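I opened a new notebook page for this chain.

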Amino acid sequence: PVAKAPAVAEEPVAAAPAEYPSGFSWQWPTAGSILRKYSPAEGVKGIDFTGNLGQPVFASAPGRVVYSGNALKGYGELIIIKHDEVHLSAYGYNRKRYVVEGDVVTTGQPIGELGMGPESKPILHFEIRERGKPVNPATYLPPRPSNG
């Protein structure tokens, strides 16, 4: 069971607003090309980016890191950020994680490095979830820059 009330020990973080604004804007989590687009019918719950091993992975929106580890099978080194009561973003297959649970991050802050995916190529698996369900990240992200 998931506790509804936050633990008192989590409260004294000066940089953390009590509630995140629902009107924040999202940004792309990394440079690189899209290898696979969101396609729930094909089991793709987010966007897979290709790029260079070790290139930066950025927080797509402000929030608090609620998971940073490798215990969830199928995601490698995974970072999950809670943005508000509705939205989470997930960043899978990192080579390195720069953040730990409880960290408050800002949009565009480097949170990790692109790592190897299950097909032995550099991949970032990126998901946005609404109330726990995967949604198409492309509907949240700004238009892609024409050079990338």
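**Entry 1: what pairing means.** I start with a term I need below. Two strands pair if DSSP finds at least two bridges between them. I also note that this is a predicted model.

**Entry 2: the overall layout.** The chain has 10 strands and zero helices. Along the sequence, the pattern reads β-β-β-β-β-β-β-β-β-β. Of its 148 residues, 37% are buried.

**Entry 3: the partners of E9.** Which strands does E9 pair with, E10 among them? I went through them one by one.

- E10 (residues 133–135) pairs with E9 in the antiparallel sense, over three bridges. Here isoleucine 128 stands opposite valine 135.
- E8 (residues 110–116) runs antiparallel to E9, and two bridges join them. Methionine 116 has proline 122 in E9 as its bridge partner.
- E6 also runs antiparallel to E9, with six bridges between them. Serine 89 stands opposite isoleucine 128 in E9.
- Phenylalanine 49 stands opposite leucine 124 in E9.

**Entry 4: two hairpins.** I looked at the turns on either side of E9. E8 and E9 form a hairpin with five residues between them. In that turn, serine 120 has a positive phi of about 55°. E9 and E10 form a hairpin too, with two residues between them. There, arginine 131 in the turn has a positive phi of about 50°.

**Entry 5: aromatic pairs.** How many aromatic pairs are there? I need the cut-off first: ring centres must lie within 6.5 Å. By this rule there are four aromatic pairs.

I took tryptophan 28 and phenylalanine 49 to begin with. Their ring centres are 5.9 Å apart, and the planes stand at 90°, an edge-to-face pair. Tryptophan 28 lies in the segment before strand E1 (34–36), and phenylalanine 49 is in strand E2 (residues 47–50). The pair therefore ties together parts that are 21 residues apart in sequence. Are these two residues buried or exposed? Both tryptophan 28 and phenylalanine 49 are buried.

Next came tyrosine 91 and phenylalanine 126. The centres are 5.3 Å apart and the planes are at 50°, so this pair is tilted. Why tilted? Planes under 30 degrees apart would count as stacked and those over 60 as edge-to-face, so the rest are tilted. Tyrosine 91 sits in strand E6 (residues 87–97) and phenylalanine 126 in strand E9 (residues 122–130). This pair therefore ties together parts that are 35 residues apart in sequence.

I checked burial here as well. Tyrosine 91 has 0% relative accessibility, so it counts as buried. Phenylalanine 126 also has 0%, so it counts as buried.

Phe24, Trp26 and Tyr140 form one aromatic cluster.

**Entry 6: the nonpolar core.** A general point comes before the details. In soluble globular proteins, nonpolar side chains tend to be buried together. The largest nonpolar core here has 21 residues. Which of them touch the most other members? They are Ile79, Ile81, Tyr91, Val105 and Ile111. At least two residues each come from E2, strand E5 (77–82), E8 and E9. E9 gives the largest share of this core, three residues.

Entry 7: I looked up the second largest pocket. Its volume is about 170 Å³. It is lined by 13 residues, and the closest to its centre are Gly43, Val44, Asp48, Tyr93 and His125. Which strand gives the largest share of this lining? It is E9, with three residues. By type, the lining has five nonpolar, three polar and five charged residues.

Entry 8: I ended with tyrosine 98. Tyrosine 98 is in the loop between E6 and strand E7 (104–105). Its relative accessibility is 42%, so it counts as partly exposed.

Notes:
Residues numbered from 1 in each chain as written. Predicted model: local features only at pLDDT ≥ 70, side-chain atom pairs only at ≥ 80, totals over all residues. Heavy atoms only, no water. Phe/Tyr/Trp six-rings, centres within 6.5 Å; stacked < 30°, edge-to-face > 60°. Helix = DSSP H or I, 4+ residues; strand = E, 2+ residues; numbered from the N terminus. Buried < 20%, exposed > 50% of the residue type's maximum accessible area, 1.4 Å probe, protein only. 1 Å grid on protein atoms, 1.4 Å probe; cavity = no way out; pocket = protein on both sides within 12 Å on 5 of 7 lines; lining within 4 Å. Points joined across faces, edges and corners; volume = space filled by probe spheres on them. Nonpolar A, V, L, I, M, F, W, Y, C, P; charged D, E, K, R; others polar. Core = buried A, V, L, I, M, F, W, Y, C linked by side-chain atoms within 4.5 Å.
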